[in-house]
Structure formats: C-alpha cells, structure tokens
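Have a go at each task before reading its solution.

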Amino acid sequence: MLHQGIILREGQVTKTIYNLIRDKRYEDVIECIVNLGEAANTRAGLSTLAYCYYHAQKYEEASTCYEQLCTLVPKVANYKFYYAQSLYQAGIFGDALKVLKQIADNDELKEQCLQLQSAILYSSEDFAGAQSVLNQRTIGTADTLNDEGCLLYQADQYDSAVQRFNTALQVGGFNPLIAYNLALSHFRKKEKTQAIDYTADIVERGIRNHPELGIGAQIDTDGSARSVGNPITMALSGITQALNLKAAIEYSENNVEAARDALLDLPPRAESELDPVTLHNIALTDPQGTVAGLRKLAFLLELGPPACPRETFANLLLICCKHEMYETAADILAEHTALTYKYLSQVIEMLFIHYLYSYIPMYFLFLQYLYELLDALITAQASAELAEKKLGVLASSLAGKLRSLAAKVQEVRSTTDQNALRNALKDYENALELYLPVVMARAWISWRDDDFVGAEREFRSSAEFCSENPIWRLNAGHVLFMQGDKYKEASAFYEPIIRQHGDDIMSVSAAVLANLCVSYIMTFQNEEAEELMRRVEKAEELKGNMGKQYHHLCIVNLVVGTLYCAKSNYEFGLSRIAHALEGGSGARLYADTWLHVKRCILSLLAGMAKQNVILPNPAIQEVMNFLKSCEVNGLFTPANVYSASEEAPAEPLTIGLEARTLRLLLIKLSEYENE
C-alpha cells in the first residue's frame, strides 16, 4: 500500500507505523491507520490512533478512541485514565471527573489520578476542591510542590509560591513549565528582572533542545517562515508560555514594539493554529493598531472558558472605551453579565491603564466602586450631566476614604510598628489607585466637550491627593496647554518630564515635546524651543544610526508649523510642515500627518479667497512643489483615518487625489490674484 509517499509493505506495517511514531509524524500515522479499514477498530489500532491523536493535540478525537477502548477492554484502568486525561485537555472537565471516579480505587494509578483531578479542579476554578485533593497526594515531589505553588499563586501569596516553585526545580531538576510558573510569580511580585531571566533561560534551552521548532525564524524571514504546527514538544518546552510572558512584561512597560518582537520569536504557525493566549496577545500588539485586533478578541470571547483567556473581556472593553465605542461596550456588558461581575476588577484595571497611559498594578479594596465607574463612562455618552453626578458621588466617597487613610498613616508614623506603617501606606496607595481613574474620567468628560477650564477645575480639586503622580501631572499640563493662555504654567508641568528622562529624550512622548516647543514659542522663549528641537534632531539621528526609526522631530515640526499657520504666518508655517514631511517624499506621509497638512493648506486657501492673506509668488511656488510631491508619493495612500465604528469606503480617497485638488485650487486662486 502506498500512502502519500509512505510504502506499507505486507508484513512490515507495524514496523513502518512505529518508525513514523518515533519520528513524531503523528498525522501520517493517523492517515495510515484510518485507511487500513477494520484494523483501525481493533485494540491495537485504536490504542495507536488515540496515542497519535493525543500527541497531535487533537484531544477530542483522542478521547473518542479511548472511550471505545474502555468499552472494548473495560478492565484496563490505564485506558480510563488516558480517556480522562484527553477529556481534560479538551476542556470537558465534568466528564473527565466522572471517568476518574471509576478508577479512584486503583492503587497503581492513585497518585496520577489525584494529580489529574487537582488539575481539573484548578482549571475549573474550584480552588478549594483542588486544595482538598492536593492534601491527599504524596508530599515533597516536584509535581506536588508545583501544584502547591499554583494554588498559592492563585491566592496572591506570591512569596510562598516562589518558594514552592524553587523547591520543585531543586527536587525534580529543570522543568520549563515550572520555571515559567516561577517567572510568572516574580512578575506578579513586580520583580521583572528575575521574570525576564527565567523566560530567557526557557527560550535558550528551547532553542538548543528543539531546533525543529524554528524559534526566531519569523524575524529572520520577515514573518514568512513555514509553519511548524503544534507539536507536543512545543507545549512541553514552555517556549510559547515564556515568550508570551515576555511580551506581557514589555507590554506592561508600554514597550509595544518589544512585545511584538517577543511574539515574533515564537515558532512560526498559521493564524488558525495559534493558541488562544498567543492570539490574544497578537490582537493587542497588532501593528495596524489595537482596533485591528477587535475581531480576534471578539472571536476569543465567543469561545468562552476555558479556551478564552480571562483578560480578553477586559481588553475588549478597553479598546471599545478607548475608541469611544460605548454602545458596543454596553452591549458586551449586557451580553456577558456573568463575566462583568466575575472579572470586574480586571475590567477597571484595564480602564485604569487607558486613562493613565501606563501600567500600575492594582489591588482592589473597594469593589462596589468599580462597576459604578464603568457605568458612568457609558452613561456619559447619553448624558454628561448624569455621568458627572455619578462620578462626583464616587469621587467624594473615595476622597473621604483617602483622608481617613492619610490620617491613619500619620497616626501610625508616630509608633515604631513598621509592619503597621507598611500596611497603612499600602491601603492608602490602593485607595489612591481607585481614585485616579475617577479623576481622569471626570476631566475627560469636560475635555471631550472642549471645556478645558472645567477639566482644569477637576485637576485642581484632586491636587490634594494626586499632585505627585506623574501621569496626573502630564494630563494637567495638557489641560493647561489647550486653554491657549496658560503656556507658562503648562511648561512647568512638561519640563520635569524632559528632565526626568535625562539623555534619553526619545523616550518622551512626541506630543509632550511638541507642546513644550509651542509653549516656549508662545512665551517668547524661542532659543529654548530651538535648543529642544536640536536635541530631538540629534537624538533621532543617533537612534536612526542604530536602526530605530522615530517620528518625534516630524511631529514637533508639524505642530510648530501648524501654530505659525494659525497665526497667519503661512510662509514660515508651511515651510516647517514641508520640512517635517521631507518635502512630501512619502516616508512620513500618511493619513495622520496629512491631516495637519490639508488643514493648514485649506486655511491658506480660505484666507486667499477672502483676500485676507497674501503670499509671495516664491512661497506659493514652494507650496505647489510640495503638493505635487505629495500627489506623486501619496497616490495610493489613504487620506483619512477611520475610527473603529466607521466603515471605510470601498475606494477611499487618497492623499495623491486630495493633494492634486488642493494644488488646482491654489493655482486658480493665484491666477485670480494676479489678474
């Protein structure tokens, strides 16, 4: 018999199949046995099929084969254990527990059954049941120590969990899955250096021991590496878990590029082959923006537990709120009320990340406030007044709690009880972390309506508690800047941010740099503005020589140019904009930057049409040349940015087409002026 290049000679079928199993060609074995007809229904055929299905990670098919084997040879307890194991891997926890009860009295399999039973209960989030089963297991083995660590981790006892995982590695030798648990515990303890060290060790061993997985091949081949599938060795190597954790660590530090690189180091697989956690993280780090990952997250949410990562619900709401898709967020909450209450703290933690633009681990003491915050944000879309009232009640309650906790801290400081002081400070910090999102939400409602005075009023009222928080200071600076007559005060908030980052000015947000430049110019500190721009240019060139691309200087020049255009100095303003976009060469020409260009050009055209603006002929020619360059280089580049709730047209306008239209209008107006 010939099957896909595999010759099954009479008398050598068994040998050929076992050679294929040795080479881990499980899919080929499955095809061969299925094509053998009746042989596939024998004990040997079913046993081999089940084994190969399991190692090919087709757990439902494996469970079907083991179920048939249990019927065929009911006295073999091992088949029932493998049947339960396959059901567990397939996420069918209830049936798996029922099968395990049938072999609970088997002395030979007792320890394995208890271990599997505790794993099932843990995955079902029945932690009390898992602990009860764990108490019946052999003490001091690597597996028992690891499972003890997992339960301690789940109870937020990270120090004890680290101790158990370390002991497990000492008792049983290096195990990548236990090392991953240890790395995760260090991450939860905010010991990110240790967490990265363990993930690096797992990856290094994986590269050395499993070259067939093609770790890092996606980077070397620009993402076109051939898929390696999902061999069981990948799951056991801990590679997927370690690199996803590394990506999560980088993402928590707002290093989205580094997080994306960590995911690119994963063994190459097709999107349909990705595990849920990897798909979730790819959705968050999509190079086209988080909106592009909405469908992936929605797909995962529909899968439900245990396949769907528990963070999916919170992140989906985060993206909806970030892009002001509040009706969608409300629908998601209504459709998944059980998840709303189950993962409420995660939802608000993710919203906290959105409003403060940085990750700060949260420990929630006041869960009754959390749903109220999200409810207020959604209410704001229909009634800002009602939302403000809800947030005001919430803020007042939290402020009272903060004052009470601050008094307690002062009281404890007068004693020598350091533990009491640490606990009091921790309680105060936890309450402050709840208060900050409420402050940001109230300021955002005013900001959304261009009521910057109202937003400033909110920041001033919260300064008592938040004035030392760097994100609060950053957003307070933005509010002052937007008022147009408080540039000096805004500079006082922006300058410490620049000083804080020292020589690494590229780590400062481009918006901060641009706003500070404008503030300097508007307060007649042109030399300071020029010096800041020189620093940015020098740093950007240095980073460029190291292979990193930044658009900080481009954004600064765009903002400064727009400022001068707003002051009717179009000649200088448009020259800065053209310089920012390298004369329209295309490298920095895309919808976001083009928006600033066309606003200024349209403002110029309106002024010329009203005969309020007169531009010298050489300056007009420079603008025409710039638009012509934009026309050529932006011919196929979309001209507009569409939000997540908007549907892009089938044939969207391009920058090239809009540049041509603007250039023709400029020609007509110039000819009219010259008549």
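Two residues are in contact, or touch, when heavy atoms of theirs lie within 4.5 Å. Keep in mind that this is a predicted model.

**Exercise 1. Find what His210 touches, leaving out residues up to four places away in sequence.**

Step 1: locate the residue. His210 sits in the loop between helix H12 (192–209) and helix H13 (217–220).

Step 2: apply the contact cut-off. With residues up to four places away in sequence set aside, His210 touches Arg205, Thr233 and Ser237.

Step 3: His210 and Ser237 are 27 residues apart along the chain, and their C-alpha atoms are separated by 8.2 Å.

**Exercise 2. Work out how helices H15 and H16 run relative to each other.**

Step 1: get the geometry. The axes of H15 (residues 239–252) and H16 (residues 256–264) come within 7 Å, crossing at roughly 175 degrees.

Step 2: classify the angle. Angles over 145 degrees count as roughly antiparallel, and H15 and H16 are therefore roughly antiparallel to each other.

Step 3: list who meets whom. On the H15 side you'll find Leu243, Asn244, Lys246, Ala247, Glu250 and Tyr251, which meet Val256, Ala258, Ala259, Ala262 and Leu263 of H16.

Step 4: The contact of H15 with H16 splits into eight nonpolar residues, one polar and two charged.

**Exercise 3. Decide whether Val29, Lys24 and Asp450 are buried, partly exposed or exposed.**

Step 1: set the cut-offs. Under 20% relative accessible area is buried, over 50% is exposed, and anything in between is partly exposed.

Step 2: take Val29, in helix H2. Its relative accessibility is 0%, so Val29 counts as buried. Beyond four places in sequence, Val29 touches Ile17, Leu20, Ile21, Thr48 and Cys52.

Step 3: move to Lys24, in the loop between helix H1 (13–22) and helix H2 (26–34). At 48%, Lys24 comes out as partly exposed. Lys24 also has a positive phi, near 60 degrees, without being a glycine.

Step 4: finish with Asp450, in the loop between H25 and H26. Asp450 has 55% relative accessibility, so it counts as exposed. Its phi is positive too, at about 60 degrees, although Asp450 is not a glycine.

**Exercise 4. Say where helix H26 bends, and what covers its buried residues.**

Step 1: find the bend. H26 (residues 452–466) bends by about 30 degrees at Arg460.

Step 2: collect the buried residues. Among them are Phe452, Gly454, Phe459, Phe465 and Cys466.

Step 3: see what lies over them. The cover includes helix H24 (384–413), H25 and helix H27 (470–482).

Conventions:
Residues numbered from 1 in each chain as written. Predicted model: local features only at pLDDT ≥ 70, side-chain atom pairs only at ≥ 80, totals over all residues. Heavy atoms only, no water. Axes fitted to C-alpha atoms, helices over the stretch in contact; angles between N-to-C directions. Helix = DSSP H or I, 4+ residues; strand = E, 2+ residues; numbered from the N terminus. Parallel < 35°, antiparallel > 145°, perpendicular 65-115°, else oblique. Nonpolar A, V, L, I, M, F, W, Y, C, P; charged D, E, K, R; others polar. Bend = angle between axes of the 7 residues up to and from the residue. Buried < 20%, exposed > 50% of the residue type's maximum accessible area, 1.4 Å probe, protein only.
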